[in-house]
Amino acid sequence: MNRPPRDPGRAAWDHLVATLEAWRTGFEPPSVTKVAEERHDPFRVLVATILSLRTQDAVTEAASNRLFALADTPAALAAMDVDAIAAAIHPANFYLTKAQRLKALSRRLVDEFGGVVPADLDVLLTFGGVGRKTANLVLTEGFDLPGLCVDVHVHRIPNRLGWIATRDPLATETLLREILPPEHWKPINMLLVTFGQRVCRPTSPHCSICPLAGPPERAGRGDGFPQETLAGAEAASGGSIRCARVGVTRSR
Ligand code: SF4
């Protein structure tokens, strides 16, 4: 059972988003965001998101570009052989399964939805291979609609900060829908994915360069502090690393 929420309050969320928005300037956005920025097309976002599952960003981007050069509409993708789709998206992880799902999904879009991606979370979830993460990302990046895409980074980092206490991404999404100001729903995924890949990594986070923690001297400790402290915190918390540097003054 999930423990009660520890909502840090609006000021803390506002600060986190503003700080990470400023910090990420100059970094490449995640591959799916790039696809959405290139062309506001829900189908391309849907395909790229499926390709991105358990696959590194650089591989996803290259696979998406190869596939879109061959087919970037439901009708065109439904007409392709599974083997041809698989060849285009290889070496994305699970490329054969993804190829089968992309073809089936495209066929159903053509047959049942007139070739148009439905802008509805519950309907999207009825497609094979489309989970909540994918469906929410299609809503936010593809349609600019409210959605809250919780992946491993969005689940891990607020828990690491002690701002929430949830055991799985669905519980995190449910709780964040209550406590995260709605205007942050869309950007939080892109910001925490970038931050989680580059700084607040699952293991060995780069705390000495953390934009949320400020310069090391502010905490009155040197660069060696984070790893030692986190190691102790990790042991004390049963294996999951707890952030020892980013405090919050609760605003409510
Ligand atoms: S100080 Fe370390 S653990 Fe805390 S948010 Fe920054 S990178 Fe993550």
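Of the 252 residues of the protein chain, 38% count as buried (20 or more other C-beta atoms within 10 Å of the residue's own, with C-beta atoms placed from the backbone). The model is a predicted one, in which local features need pLDDT of at least 70 and side-chain atom pairs count only at pLDDT 80 or more, while totals for chains, interfaces and linings use all residues. Residue numbers start from 1 along each chain as its sequence is written.

The secondary structure of the chain comprises 13 helices and zero strands, taken as DSSP runs numbered from the N terminus (H or I, at least four residues, for helices; E, at least two, for strands). Among contacts between residues at least 6 apart in sequence, 60% join residues at least 24 apart; a contact requires C-beta atoms, placed from the backbone, within 7 Å.

Helix α12 spans residues 185-198 and reaches 21 Å from its first C-alpha to its last, close to the 20 Å expected at 1.5 Å a residue (1.5 Å times one less than the number of residues). Eleven of the 14 residues of α12 are buried, so the helix is largely enclosed by the rest of the structure. The buried residues include Trp185, Lys186, Asn189 and Phe195, and the buried set packs against α1 (10-23), α2 (31-38), α9 (132-143) and α10 (152-161).

Around the ligand lie 13 residues, of which Cys200, Pro205, Cys207, Cys210 and Cys243 come nearest; a residue is near if its C-beta atom, placed from the backbone, lies within 6 Å of the molecule. The shell divides into ten nonpolar, one polar and two charged residues (nonpolar: Ala, Val, Leu, Ile, Met, Phe, Trp, Tyr, Cys and Pro; charged: Asp, Glu, Lys and Arg; polar: the others, Gly among them).

How values were computed. A residue is buried if 20 or more other C-beta atoms lie within 10 Å of its own, exposed if 12 or fewer, and partly exposed in between; C-beta atoms are placed from the backbone. Two residues are in contact if their C-beta atoms, placed from the backbone, lie within 7 Å.
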